[in-house]
Amino acid sequence: VPLGQPFDPVAPGKGRELRAVPPLTAVSCSPALQENLDRKLFGQHLVSKVVVKAVKGFLNNENAKKPLTLSLHGWTGTGKNFVSKIIAESIYKKGLKSKYVHQFVATLHFPHAQDINIYKDQLQSWIRGNVSICPRSLFIFDEMDKMHAGLIDSIKPFLDYYELLDGVSYRKAIFIFLSNAGAEKITELALDFWRNGRAREDIELTDIQNALSVSVFNNKNSGFWHSTLIDKNLIDYFVPFLPLEYKHVKMCVRVEIKSRGYTVDEDILTRIADEMTYFPREERIYSDKGCKTVDAKLDYYYDF
Ligand SMILES: Nc1ncnc2c1ncn2[C@@H]1O[C@H](COP(=O)(O)OP(=O)(O)OP(=O)(O)O)[C@@H](O)[C@H]1O
């Protein structure tokens, strides 16, 4: 059911009923997931590790007890949407364009706080409708930090360990949540490593995950604020995106130049990376916008 067209759940007894799910089509994760993350995603060693483990493990598990829930956190432009796209492409031939992939953007689809109860009903119907059509559906919630906390709690039943809810099983579905909540915590940790002369790649998941979930839970602007999804341990993986450095920005610029079919001009490449702003103010290590806006800057230099 395309987003924007409320699914008609059809009350039981009135014509088309929600049926028990059809036999599940075997979908396994294409080997391209690891390969694409290794090749395309820069500076995110923790992300690659967690995402591959989580997605592969889930798709290969015929007896999953609940849907897979990933929560992606980090500074703007560090690759959260990019990774969601790579995950979608590894499961569905048409990637994000597949009719089984549904993206919700808080400010676009749920803009008015006063309509929260309507949104709750619609969201539940969309999810129920789409999963009853295709159990292996992927739902991506962008801008979780701008989402009303009550709204996200309304999908809790779908993320829980139920075998069937009204005849529908949600155990094959995948939910990905994207937000900037927790970015400060992640940056703090990355900076600590940097200031102590330790390699970025030495940051371990255990250094970050617990602090991240607590900070997201306690962040009033996170959409997960005091959310039962965290409280009840319904988020399987918190995935931390590290802030991107100058060298990563350069890598993004190089990819963008090549993807447009231009020859790489090292001088222009350096100029574009130099034009980006970096923080903290004294050390200037991390890109304020990650790799975002790189393509717009390219237009200026290459649009002869
Ligand atoms: N780590 C990365 N490796 C390679 N390319 C990246 C990376 N991060 C961002 N990019 C590039 O920058 C673009 C913008 O990044 P993306 O939309 O994924 O950021 P985001 O983390 O979702 O940001 P926001 O929080 O603002 O939504 C991507 O489409 C991709 O081309």
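In this predicted model, the stretch of residues 244-301 has its end C-alpha atoms 22 Å apart, and the span is 55% helix and 7% strand. The UniProt record, in an unreviewed entry, lists residues 244-301 under the name "domain: Torsin-1A C-terminal".

## Packed helices

Two packed helices are described by the angle between their axes and the distance between the axes.

| Helix pair | Angle between axes | Distance between axes |
|---|---|---|
| α11 (residues 246-259) and α13 (residues 294-302) | roughly 55° | within 10 Å |
| α12 (residues 266-275) and α13 | about 135° | 10 Å |
| α1 (residues 32-40) and α2 (residues 45-60) | about 170° | 10 Å |

Consider α11 and α13, whose axes cross at roughly 55°. With such an angle, the two helices α11 and α13 are therefore oblique to each other, and α11 passes α13 in a right-handed crossing. On the α11 side the meeting residues are Val 249, Cys 252, Val 253, Glu 256 and Ile 257, while α13 brings Val 294, Asp 295, Leu 298 and Tyr 302. Sorted by class, this contact of α11 with α13 holds seven nonpolar and two charged residues, with no polar ones.

Helix α13 also packs with α12, here at an angle of about 135°. That angle makes α12 oblique to α13, and the crossing of α12 and α13 is right-handed. The residues that make this contact are Ile 268, Arg 271, Ile 272 and Glu 275 of α12, together with Lys 297, Leu 298, Tyr 301 and Tyr 302 of α13. By class, the contact of α12 with α13 has five nonpolar and three charged residues, and no polar ones. Leu 298 and Tyr 302 of α13 are named both in the contact with α11 and in the contact with α12.

The remaining pair in the table is α1 and α2, which pack at an angle of about 170°. Angles over 145 degrees count as roughly antiparallel, and α1 is therefore roughly antiparallel to α2. From α1, the residues Leu 33, Gln 34 and Leu 37 take part in the contact, and from α2 the residues Ser 48, Val 51, Val 52 and Val 55. The residues of the contact of α1 with α2 divide into five nonpolar and two polar, with no charged residue among them.

## Aromatic rings

Turning to the aromatic side chains, the count of aromatic pairs in the model comes to 13. One of these pairs is formed by Phe 104 and Trp 126, whose rings have their centres 5.9 Å apart and their planes at 50°, so the pair is tilted. Because Phe 104 lies in strand β2 (residues 101-105) and Trp 126 in helix α5 (residues 116-133), this pair ties together parts that are 22 residues apart in sequence.

## Backbone details

Most residues other than glycine have a negative phi, and most peptide bonds are trans. Against that background, some places in the backbone deserve a careful look. The peptide bond from Phe 279 to Pro 280 is cis, with omega near -10°, and Pro 280 has its place in the loop between β6 (278-279) and β7 (286-287).

Glu 143, which is not a glycine, has a positive phi of about 60°, and this residue is found in the loop between β3 (138-142) and α6 (149-153). Thr 293 is likewise a residue other than glycine with a positive phi, here near 75°, and Thr 293 is found in the loop between β7 and α13.

Technical notes
Residues are numbered from 1 along each chain as its sequence is written. This is a predicted model: local features need pLDDT of at least 70, side-chain atom pairs count only at pLDDT 80 or more; totals for chains, interfaces and linings use all residues. Side-chain values use heavy atoms; hydrogens and water are left out. Axes are lines fitted to C-alpha atoms, for helices over the stretch in contact, and angles run from 0 to 180 degrees between N-to-C directions. Helices (H or I, at least four residues) and strands (E, at least two) are DSSP runs, numbered from the N terminus. Angles under 35 degrees count as roughly parallel, over 145 as roughly antiparallel, 65 to 115 as roughly perpendicular and the rest as oblique. A crossing is left-handed if the near helix is turned anticlockwise from the far one by less than a right angle, and right-handed if clockwise. Contact means heavy atoms within 4.5 Å. Ala, Val, Leu, Ile, Met, Phe, Trp, Tyr, Cys and Pro count as nonpolar, Asp, Glu, Lys and Arg as charged, and the others, Gly among them, as polar. UniProt positions are given in the numbering used here, feature names are shortened, and annotations may be inferred rather than shown by experiment. Rings of Phe, Tyr and Trp (its six-membered ring) pair if their centres lie within 6.5 Å; planes under 30 degrees apart count as stacked, over 60 as edge-to-face and the rest as tilted.
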